[in-house]
Each structure stands twice: as C-alpha cells, then as structure tokens.
Amino acid sequence: MNHAPDAPPVPHSVGTNRPATALPADACDSHMHIFDPRFAASPHWKRQPPRAEVAAYRLLQRRLGTSRTVVVNPSTYGTDNACTLDALAQLGESARGIAVVGQDVADDELDRLAAHRVCGLRVNFVTPQSWGITTAQMLTTLARKVARLGWHIQVFLQPEQLVELAPILAALPVPLVIDHMARIDPADGVDGAVFAVARRLLDGGNTWMKLSGVYMRSHDGAPAYQDAFALGRALVKAAPERLVWGSDWPHTTETPGTVNDADLADVLSAWCDGATAVRDRILVDNPARLYGFAMT
C-alpha cells in the first residue's frame, strides 16, 4: 500500500490523494493533452480550451508516480501540432507524441514529426475536426502513409462506428490503437455487440486498447465507476499484453472539478484484481513496446 503523504493540488484534478498502491518505476500515462495559451486554437474549434500546461501536468506526474507520458494532440488545434511538439520538447525523452494531420500530409512533414518523437496519428470520428467529416478513406490513406515509419493509428470513435468500420480496422497495414475503451456503454457491457467486435480485433493481434476515459460512459461515476468494472476486468483478461492506461488529463469531456486522477489509477488496479504484475505490464511494458520507450 502507498502510505506517502497527500500531494499538492493539481489543476483539473480533484483531491490530493495518491494511488492506493504506488505505481511502478517507468509507469506511463499513455493518453493526455496539453493546452497552452501561447498556441492559438484552430478556427473550427468553438469551445474555450482549458489552460493545462506542462508545468501543471508535471504536478500530476509527481502525484501519481508516473514518469513517462504520451501527449495526444487535441482537436482544439486542428492539424497544427505545434503545442504538442513544444510539450514534447519540454518533457524530453520520457515523452512521445500522437499527432493529427490531414490526409494530404506530405512525407516530409511526417518525417519532421517523427524527429520530435511523434510515433502515431490520431484519427477522430467523434469531435469536430478542422477538415470536416472524418471518413474511412481518410483512415486508410493515413495508415498507408505512416506504415514506412513504423507508426500506429489511434482511433477515437463511437461504439456503433467501431462495429461499422471493423473490417477496415482489422485490415489496416499498421497497428491500431482504440481510444477510451471504444466508448462502450457499461450497460451493454461484455454481452453486447460492441464488446464482441472489440474482442475480435484484440484477438487478431494487431489492435491495442486504451483503458482511459471510463467516466465518459459510466452511469455510476466516481470514485469506482462500478458499472464499468465487468467491462474493464474483461478487457484485462482478454488482452493484458495489448492494453495501456491513460489519465486523459485535463478531462475536457467532463464537468470541471469532477475527476480524481488517483482514483482512475485505483480503478485500473481493481480491474487487475490486485495483480500488480498485470497492472505493471499495462503501465510499463506495454507502453514501452507500443511507443518505443526503453524496456526495463
């Protein structure tokens, strides 16, 4: 158990408690965003972005006990990855990036991003994008373009879109990473059609899942998100070698002041049934393989 004293407050994160069981060395937060007012939002983005800079995120790292991170370029900036690249420069070798680009992106731009430790692209079917509607053709075009770099494609989609696009997703020439547990409704759970499709993709050996954003569909809510327990446990049992965990800080989909990141780490431990070896695989070994961190 973790008996360390409470941590200083962290912007966009409720509470000051630390995870009940200390996280392992080299633990990775595999999904978070940086929002810095030095960088202008894309004209297509109508909501006011939060202020969530690298200095604030470092406070969260110290509270949780994570040292590695994956910065995902948010839709707020459209296809401008400058804020994310700046964050990667500040965070150093312990950080990797996921960029957002248009389907007409040139090879030299992808090479430039790779030189800054970007290792994948996010293709978002859910929130407004600067190009308009995201299509399956865009997804397959981008996958072909990044195959030479050894990158992966990360998709954020609605559950029904996962079912609709499953044949295309299964045939991608690069690894696939599914955001936020595919937004599966816990009420549908492990007996629903969406979980069955997700399970087939995971079983195919080329798909990864992010255990993040549990609050997006949970009806029970914090701290335990109990209605999602069976779903989380089933994913851990199905593919412990291809799961990663992310905080999704600063939690832009949620009402401010409602998410405790230490509780989210505890939820992962509960899904692993207290098996620290499994939890540590999800926090350390799996992200090392997926994102190219040094193996420990």
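This is a predicted model: local features need pLDDT of at least 70, side-chain atom pairs count only at pLDDT 80 or more; totals for chains, interfaces and linings use all residues.
Close-up 1. Residues are numbered from 1 along each chain as its sequence is written, and side-chain values use heavy atoms, with hydrogens and water left out. The structure holds 2 aromatic pairs, where rings of Phe, Tyr and Trp (its six-membered ring) pair if their centres lie within 6.5 Å, and planes under 30 degrees apart count as stacked, over 60 as edge-to-face and the rest as tilted. Phenylalanine 35 and tyrosine 77 form a tilted pair, with 6.3 Å from centre to centre and 35° between the planes. Because phenylalanine 35 lies in the loop between strand S1 (28–32) and H1, and tyrosine 77 in the loop between strand S2 (68–72) and helix H2 (82–91), the pair ties together parts that are 42 residues apart in sequence. Helices (H or I, at least four residues) and strands (E, at least two) are DSSP runs, numbered from the N terminus. Tyrosine 77 is buried as well, with a relative accessible area of 4%.

**Close-up 2. The pair of tyrosine 57 and tryptophan 249.** The ring centres of tyrosine 57 and tryptophan 249 are 5.5 Å apart and their planes stand at 50°, so this pair is tilted. Tyrosine 57 belongs to helix H1 and tryptophan 249 to the loop between S8 and H8, so that distant parts of the chain, 192 residues apart, are linked. Tyrosine 57 is buried at a relative accessible area of 1%, and tryptophan 249 is buried at 0% relative accessibility.

**Close-up 3. Helix H8 and its surroundings.** Of the 11 residues of helix H8 (residues 261–271), 9 are buried, which leaves the helix mostly covered. Among the buried residues are Leu264, Val267, Leu268 and Trp271. The buried residues of H8 pack against helix H1 (54–64), strand S7 (207–211), helix H7 (229–238), strand S8 (243–245) and helix H9 (276–291), contact meaning heavy atoms within 4.5 Å. At the start of H8, a side-chain oxygen of asparagine 260 comes to within 2.9 Å of the backbone nitrogen of alanine 262, and aspartate 273, which follows H8, has a positive phi near 55°.

Methods:
Buried means under 20% relative accessible area, exposed over 50%, partly exposed in between (1.4 Å probe, protein chains only). A polar contact is a pair of N or O atoms within 3.5 Å; within protein, one must be able to donate a hydrogen and the other to accept it, and residues adjacent in sequence count only if both atoms are side-chain atoms.
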